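Here is a briefing on one protein model. Please look over the sequence and the structure first.

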Amino acid sequence: MAFKAEVSRLLDIVVHSLYSEKEIFLRELISNASDACDKLRYRALTEPELTGDDPDFRIKISVDPKARTLTVEDNGIGMDREELIENLGTIAQSGTASFIKSMEAAQKGDVTQIGQFGVGFYAAFMVAQMVEVSSRKAGAQDAWSWHSDGKGAFSVEEDPRTERGTAITLYLKQGEDSFLQETKLREIIKHYSDHIALPIFFGEGEEPVNRASALWLRAKSEINPDQYKEFYHHVAHAFEEPAMTLHWKAEGKIDYTALLFVPGMKPYDLFDPKRRHGVKLYVKRVFITDEAEGLIPPYLRFLRGVIDSEDLPLNVSREMLQHNPVLAKIRQGVTHRVLSDLVKHSTKDPDAYAAFWENFGAVIKEGVYEDTENREPLLKLLRCASTRGEGVTSLADYVSRMKDEQKDIYYMNGDDRDALSRSPHLEGYKARGIEVLLLTDSVDDFWPGAVGAYEGKTFVSVTRAGQDLDKVAPLDKKDKEKKTEKASKDEIGALIAAMKLALGDKVKDVRTTDRLTDSPVCLAAAEGDIDIHLERFLKQHNQIRTPSARILEINPTHPLVRKMAAQAKGEGGKAQLDDIAWLLFDQARLLDGEPLSDPAGFSRKLADVLTKAI
Ligand code: ADP
Ligand code: MG
């Protein structure tokens, strides 16, 4: 049978990888063997006959120096014919394409990441010219074997295997003989798999090579940082240093042990709804599932690790977990603990916290929006870019810098920080030294409205109409002088009337504003209307068809507006006012990232006005 095309490409990359840490293939195979035992142990809770006369799970590693083979064997759940075909060749896991992309992007890609993408098995082809998988599924009458040289095809045939489980035999490539040496193999197993909770035996040895006890149940003082790290690599299929390690035992109303990690890197599928490898749920040391919905709130989905409960019944089915009160209590406790540790971390090591925020801030903001119960710590964790400069600021720091006369927390939504910081909406704020938060994640369109206020200070979007900035004095005296050179009330009144007439129902209103210093006009959302950026987002997602009309705010100190106002009030020569009103309106739309309503009309008007200007 042929490999799925994507799998072939993946294998091509793995086979030709020049990566030196090839030994990670063993970690991947042991990890699969351990998963297979976990799966059967769980099934056997309800079908004890499946483990029958062989109830002690174990992994065995052996070598045959003459045949130059290395075998990893387990007595786990095993695979039947279909599963061998699907799991090892034809169904490309969702991570396959992502793995290929990441390897191609980084020129000398790092194969050690392979497990994270759910394709760790193929790492065997780094060192093997041929791989044979012989397996008997628990409870099945027949056994099957799979082999391949990793070059585009594999074959499956009946196998004489009598024991339950899977044996994976690697026929080593030339030059990979070191993987036949017992001392080296023992070292690798100790290094990568010491924390595997099953005994791993070497050859006919009777003493396990690893400690074979659940790491999370050991006392913290007995675990060194390296052991934590290796365990993290195992549960998270990760390869980097974890950003945070949280290990605690909860005792009281409910008892559980949690060993959780905040990854040091942003996983490739953080926003993929089908994302796998969540926090693993154990009940009294028996693995239950790594897909327990409701164990961790969605906005903490970057967490990796293990939660081992003493209170859930061992025979709890995955379905029963869905609305389980014990699970809900665990979630509460875990959420509380993780958030308070993150808050501590954010004050103790702001630089490290900034890196965390860079990776997972957008996800935490989902919590700011939806988890009203934990809003207080979540708002402490929140960081935002602002007009103050590089980097991000906390809300507390923002508030401490607020002007005396300033009542509200100002923010602006957009797609891109640079474009935002040049927006005319901000001119008046900048001129007065008022800081504005610049928000560019999609969730930013939602949380300020949902949260409402922080320490009594309301979140206000600068794209809202009718903001009174007059209370705060401009920083620069010149601005003040410029302001005094305003068009007269009469003139402005005439101009506003003329512009309203020209633009009709394209605008809700035309008003003067003091939020502008350098630009003649901008558009603002009326009280009660949706914010401009959110409306665009909803339009893109077909949530709304007809956008609401905006308020056109005009800057009475701008020379163009002053000239227009004089013309509007004066006798004759009003011919161009209509065209200019339209051009200004379209320009304001462009600045907000909106398309022109009528590009041909815009060009014609522009050409007309320019012609007369020369
Ligand atoms: P992952 O372990 O992340 O799912 P792998 O590429 O390591 O990805 O393994 C692919 C799949 O092959 C596993 O999900 C499992 O279904 C199956 N598999 C691999 N090794 C074994 C084994 N020793 N016993 C049973 N199934 C296995
Ligand atoms: Mg695996």
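Predicted model: local features only at pLDDT ≥ 70, side-chain atom pairs only at ≥ 80, totals over all residues.

Residues are numbered from 1 along each chain as its sequence is written, chains are lettered from A and ligands numbered from 1 in the order in which they are written, and side-chain values use heavy atoms, with hydrogens and water left out.

**Domains and cores**

- The domain assignment gives domain 1 (7–202), domain 2 (215–348), domain 3 (354–471) and domain 4 (478–613); such bounds come from an automatic or database assignment.
- The centres of domain 1 and domain 4, taken over C-alpha atoms, are 66 Å apart.
- The largest nonpolar core holds 71 residues, and L260, F302 and I307 touch the most other members. A nonpolar core is a set of buried Ala, Val, Leu, Ile, Met, Phe, Trp, Tyr and Cys residues joined through side-chain atoms within 4.5 Å.
- Domain 2 and domain 3 both give residues to this core, so it lies between them.
- Another core, of 63 residues, lies apart from it; L50, M103, V119 and I189 are among its members.
- Not counting residues up to four places away in sequence, I307 has contacts (heavy atoms within 4.5 Å) that include Y256, L260, Y282, I330 and V334.

**Aromatic contacts**

- There are 21 aromatic pairs. Rings of Phe, Tyr and Trp (its six-membered ring) pair if their centres lie within 6.5 Å; planes under 30 degrees apart count as stacked, over 60 as edge-to-face and the rest as tilted.
- One of these pairs joins F231 and F261; it is tilted, with 6.2 Å centre to centre and 45° between the planes.
- F231 lies in helix α6 (residues 225–236) and F261 in strand β9 (residues 256–262), so the pair ties together parts that are 30 residues apart in sequence. Helices (H or I, at least four residues) and strands (E, at least two) are DSSP runs, numbered from the N terminus.
- F231 is buried at 2% relative accessibility, and F261 is buried at 0%. Buried means under 20% relative accessible area, exposed over 50%, partly exposed in between (1.4 Å probe, protein chains only).
- W216, F231, Y232, F261, Y282 and F287 make up one aromatic cluster.

**Charges over rings**

- The charged end of R81 sits over the ring of W144, 5.5 Å from its centre. The rule asks for NZ of Lys or CZ of Arg within 6 Å of the ring centre and within 35 degrees of the ring normal.
- K184 lies over the face of F179, 4.7 Å from the ring centre.

**Six-stranded sheet**

- Six strands form an open sheet with mixed pairing, in the order β14-β13-β16-β15-β18-β17. Two strands pair if DSSP finds at least two bridges between them.
- β14 (389–394) and β17 (453–454) are the edge strands, each pairing on one side only.
- β17 pairs with β18 (residues 457–461) in the antiparallel sense, over two bridges.
- Y454 stands opposite K457 in β18.

**Positive phi**

- H237 is not a glycine, yet has a positive phi of about 55°. H237 lies in the loop between α6 and β8 (244–250) and is buried at 9% relative accessibility.
- K284, also not a glycine, has a positive phi of about 45°. K284 is in the loop between β10 (280–283) and β11 (286–289) and is partly exposed, with a relative accessible area of 32%.
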